[in-house]
Amino acid sequence: MSAPITGGSTPDQLPVVVIGAGPVGLAAAAHLVERGLEPLVLEAGPSAGTAVREWAHVRLFSPWAEVIAPAAEKLLAPTGWVRPDGAAYPTGGDWAEQYLQPLADILGDKIRYGATVTGVARAGRDRIVDAGRDEQPFTLHITTAEGREERITARAVIDASGTWSTPSPLGGNGLLALGEKAAAGRISYRVPDLKDPAVRTRYAGKRTAVVGSGASAFTALAHLADLAKESNGTHTVWILRRGITGSTYGGGEADQLPARGALGLRAKDAVEDGYASAVTGFRAQAVELDGDQGLVLVAEDGRRLDPVDEVIVLTGFRPDLSFLSEVRLGLDDRLQAPTALAPLIDPNVHSCGTVYPHGVNELTHPDKDVYLVGMKSYGRAPTFLAMTGYEQVRSIAAAIAGDQEAAERVELTLPETGVCGGAGLFDEPETAQAGEGGGCCAAPATLQIGVGAPTASGGC
């Protein structure tokens, strides 16, 4: 076990540790470098964008112009890096290979791969102790790829570890459905890569249940419909926890992210063309093995579906907060997002899916200088966009550097999702009045972060 790497360093001379070398973590490092601060990025995987590479086959619904951080581009430009066509839509693999890895290569030894963070705390203080707390640096316990344990000292911590490693389960109550563990060999929590021969064989000619109602579920429905056109007997049972309304398939042509709107329309076609059948108001309670016949899903209301061969659960993700148990976080008790951010993104009450620009004020916790950013900052809310994360870390880097005016200033207009009717609506479709026509509220006006609640130009 190594000793702390403080030496004779003062807190200001310690690095800012960034957890995760994904899109937002690398953008954070770029902004820190721009501010003259020393980042140390800890990445559990062997390369930049490890999580992104696991969905390399999935195409983003944001174009290149919206997924490249300005500070990162400033680092890349002098190297001869060629910026991809801003209007083109990358796959996850494109994003990792053409942008994330080149950016990581520039950062060089500011990134440590194979370093899994297992704990974060104030030096010499557990979460109970008040005395001198704010003056203490952070200590991070890590485990290396070789199994060694080490300790690192930091002036601030930016957790950009995302939520990819913790997908939500099948159960409609947020817990594993009864029998979900036993059926694990036939349940996946990822969009299948049907170009992989082994994966294609797994689903070809089979009945597959797809559980979920977001962009990932739309992608799976579209891909499985394409497979059904080539492989007889392939059929998808689409399981929704709510009813079908005018907004079920997203914003369609009204979506300001056209690729996302088109994806929803492809999912709609899969149902209308008979390649998928929808089961609504179904909140899974159990999955039962039915001999050689397959898996039987059982709802909380007692309904039992005909057996399926495979189940793909795409019910969202949730943050892993286990290694942050000794720092004091202020989190909303529903979304597990920072308390000041949660009202802006809460799908229970936020009837438009718009995501508002925000920064250090909305992301500050009781323990100062620790921040959750990117997907992790949204907790269980599904509306995160990459450009939002880039704005978060720009603001945070400015705050750490002592430039509070820059930290609280932002001009960023985000595209509306094209969906009204909060995701918090329960099973009854007739309650979704705002979404019946598939319209949406207006996109937000240019906003400032940290200056009270944002307002949309048209209101919701």
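Predicted model: local features only at pLDDT ≥ 70, side-chain atom pairs only at ≥ 80, totals over all residues.
Residues are numbered from 1 along each chain as its sequence is written, and side-chain values use heavy atoms, with hydrogens and water left out.

**View 1. Helix H6 and alanine 215.** Helix H6 covers residues 215–230; helices here are DSSP runs of H or I with at least four residues, strands are E runs of at least two, and both are numbered from the N terminus. Its 16 residues reach 23 Å from first C-alpha to last, close to the 22 Å expected at 1.5 Å a residue (1.5 Å times one less than the number of residues). Alanine 215 is partly exposed, with a relative accessible area of 26%; buried means under 20%, exposed over 50%, and partly exposed in between, using a 1.4 Å probe and protein chains only. Among the buried residues of H6 are Ala217, Ala220, Leu221 and Leu224. Leaving aside neighbours within four places in sequence, alanine 215 is in contact (heavy atoms within 4.5 Å) with Phe61 and Leu263.

**View 2. Valine 210 in the largest nonpolar core.** This core has 80 residues, and valine 210 is listed with Leu26, Trp95, Tyr99 and Ile158 as having the most contacts inside it. Helix H10 (residues 386–400) gives the core its largest share, 8 residues. A nonpolar core is a set of buried Ala, Val, Leu, Ile, Met, Phe, Trp, Tyr and Cys residues joined through side-chain atoms within 4.5 Å. Not counting residues up to four places away in sequence, valine 210 touches partners including Ala217, Leu221, Trp238 and Leu314.

**View 3. Lysine 376, a buried loop residue.** Lysine 376 lies in the loop between strand E15 (370–372) and H10. Is lysine 376 buried or exposed? Lysine 376 counts as buried because its relative accessibility is 0%. Its side chain makes a polar contact with the side chain of serine 161 at 3.3 Å; such a contact is a pair of N or O atoms within 3.5 Å, and within protein one must be able to donate a hydrogen and the other to accept it, with residues adjacent in sequence counting only if both atoms are side-chain atoms.

View 4. Strands E12 (residues 284–289) and E13 (residues 295–299) run antiparallel, joined by 5 bridges; pairing requires at least two DSSP bridges. Glutamate 288 stands opposite valine 296.
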